[in-house]
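Dear colleague,

I am passing on the structure that follows, and below it I set out what was found. Please read the notes alongside the coordinates.

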Amino acid sequence: MKDLNSHDKAGRQGAASEPVRLQVYLAHCGVASRRASEKIILEGRVSVNGMVVSELGTKVGPSDVVCVDGNPVVLEQEKRYVLLHKPAGYVCSASDEKGRPVAVDLLKNSYSERLYNVGRLDMFSTGLIIFTNDGEFAKILSHPSAELEKEYIVDTSLPIPRTLAEEFEKGIRIDGVFYRCLKAEELNARRMRIVLIEGKNREIRRVFDSKEIGIKQLVRVRIGNVLMDGLKPGEYRDLTPTEVTSLLKLCRKHSNAL
């Protein structure tokens, strides 16, 4: 974790002492990853010294007052890496316009920092998801070329076609979108283990829906080297420094660009 911490510390010091791009500043404040911060800026949700700013080239310095959705944001000194076992019924977003419960609210009693999810699980899926206020960490883990493995256990309402595992590994095209997993293994007639390295939106559900097989339960049980290890729905813990370092190494192994 030495490389990440030294880089991040330097980034925060730079953001505090000299002008930096607004999206970089927001990432160091723990608002979101740099890419997500760019979207927030373009949506007109950010103001600098009372003026709405929607241009990505804008720079801010230590004397500027930056707000997101009207709320002031400040540089955070301590980085958090939190593993949550998301229960069903929660959405993975900072807020929800439909009023549905959001997963990050489960962490608010224990963490004062503004945390955001790395990747997503759909509302009805359960299992592991990482939250952080470290924009650089989130960027590395979320980059498609990182090829970070995510493992799922799927339980179905009907028997799984015996050919589905092989088909999914070779790739299935549905409504013009190509879905392919790294590994699929039939555990029994109604249970399958699936490993993804990309994870398109609702990928597993779309594949099973195409075979008219309903999913009773979909659980993410592993992210890279991080396992469930008895964590129950709604429970969470800090990632260990070793886990953080290992996750970064797994991602960088697949991409020299990160």
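**Confidence and findings**

Among the elements of the chain, β14 has the highest mean pLDDT (98) and helix α1 (residues 2–17) the lowest (43), where pLDDT is the predictor's confidence in each residue, from 0 to 100, and helices (H or I, at least four residues) and strands (E, at least two) are DSSP runs numbered from the N terminus. Over residues 1–16 the pLDDT is below 50, although this stretch has 27 contacts in the model beyond near neighbours in sequence, a contact being heavy atoms within 4.5 Å. For the chain, the mean pLDDT is 88, and 91% of residues reach 70 or more.

This is a predicted model, in which local features need pLDDT of at least 70 and side-chain atom pairs count only at pLDDT 80 or more, while totals for chains, interfaces and linings use all residues. Residues are numbered from 1 along each chain as its sequence is written, and side-chain values use heavy atoms, with hydrogens and water left out.

Strand β9 (residues 126–132) is largely enclosed by the rest of the structure, because seven of its seven residues are buried (under 20% relative accessible area, 1.4 Å probe, protein chains only). Strands pair if DSSP finds at least two bridges between them: β9 runs antiparallel to β7 (residues 81–86) over six bridges, with L83 opposite I130, and pairs in the parallel sense with β15 over two bridges, where T126 has V219 as its partner.

In helix α6 (residues 203–210), the buried residues are E203, I204, R205, V207 and F208, and their cover includes α5 (164–170) and β14 (191–196). Just after α6, E212 takes a positive phi of about 60°.

Best regards

Key
Buried < 20%, exposed > 50% of the residue type's maximum accessible area, 1.4 Å probe, protein only.
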